[in-house]
Each structure stands twice: as structure tokens, then as C-alpha cells.
Amino acid sequence: MMRISGSEPIFLVGVEAVREEHGPGPAAPVGGRLTGFALVRFVEDRDWFSDCPVVLHFDGIQAEICHWKFDELSIGWDTIDTTAAISGWGHLEPTPAWSDAHERLEPFVGRQLPRGRPVCVAAIITS
């Protein structure tokens, strides 16, 4: 089983469940500047491994967003260590590693996240 250092996702279904769990938390980066990001790619072919979290950095806040199945969403804050190697992956499978390269996210680094859209940057790469 793959292990990402610090990642302990809690998957929720529906907006109300997210609000109940996080309160105003998911809105914290709104209006903040995206200073960087990390996502998991396979070393061999550089394909994005979309089952893993996308980590967004905003002026001192780290937002961690992961989806599972069709409608389950996990939002975490400041727990994942993207400098640690991803472990527990089978030796016959492609090697996952953290990357700060994604053509759809790179243009947003250094820009302010629009108000009223707390996870819109993560949605860009999944569309």
C-alpha cells in the first residue's frame, strides 16, 4: 500500500459534510496568493497520478485536496510532507514522486486566488 508522509485523508460526501467538518477552514486561502504546489507523477513517464492529493501552498498555508471515487472529497491542512519519498509502492509498478510541474497550475503561481472560489485552482487540473 502506498504511503504519503503525513497524509491521513478524511473523505466526505457533499458540501454540507465538508462545511460541518471544516467550518470556515476551506475558505482560508481565498484571496491568498498561490506560492507553489505539488502533485504526484510517475517518474518513468511523468504522468499525473490523480488518486493522490494535490498540495497547494498559499502564503504560509498548505491546502491538501484529494478526491476518491466519484463524490468523496478530502481537504487537509499542513499535514503532508512533500519532501519525503512516497513509500510502499510495488517494485514492478511505475515509481510515484512529488512534482512541482503541471502545465495547468503553473500559470497561477504568484497570483491571488479569486474570492469565493476556495478550491478552484485544484479544479483546473481535473477539468
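Is C66 buried or exposed? C66 is buried, since its relative accessible area is 8%, where buried stands for under 20% relative accessible area, exposed for over 50% and partly exposed for what lies in between, with a 1.4 Å probe and protein chains only. The model is a predicted one, in which local features need pLDDT of at least 70 and side-chain atom pairs count only at pLDDT 80 or more, while totals for chains, interfaces and linings use all residues. Residues are numbered from 1 along each chain as its sequence is written, and side-chain values use heavy atoms, with hydrogens and water left out.

The chain contains two helices and six strands, arranged along the sequence in the pattern β-α-β-β-β-β-β-α; helices (H or I, at least four residues) and strands (E, at least two) are DSSP runs, numbered from the N terminus. Of the 127 residues in the chain, 35% are buried. Among the contacts in the chain with a separation of 6 or more, 61% are accounted for by residues 24 or more positions apart, a contact being heavy atoms within 4.5 Å.

D51 belongs to the loop between β2 and β3 (54-58). Its relative accessible area of 39% means that D51 is partly exposed. Leaving aside residues up to four places away in sequence, D51 touches C66 and H67, and its C-alpha atom is separated by 8.8 Å from that of V40, eleven residues apart along the chain.

Strand β2 (residues 34-42) holds R41, which is buried yet has no salt bridge, the nearest side chain of opposite charge, E103, being 4.0 Å away. A salt bridge here requires a side-chain nitrogen of Lys or Arg within 4 Å of a carboxyl oxygen of Asp or Glu, and in assigning charge Lys and Arg count as positive and Asp and Glu as negative, with His and the chain ends not counted. A polar atom of the R41 side chain lies 2.9 Å from the backbone oxygen of A101. When residues up to four places away in sequence are not counted, the residues that R41 touches include W48, F49, P96, A101 and E103.

How values were computed: A polar contact is a pair of N or O atoms within 3.5 Å; within protein, one must be able to donate a hydrogen and the other to accept it, and residues adjacent in sequence count only if both atoms are side-chain atoms.
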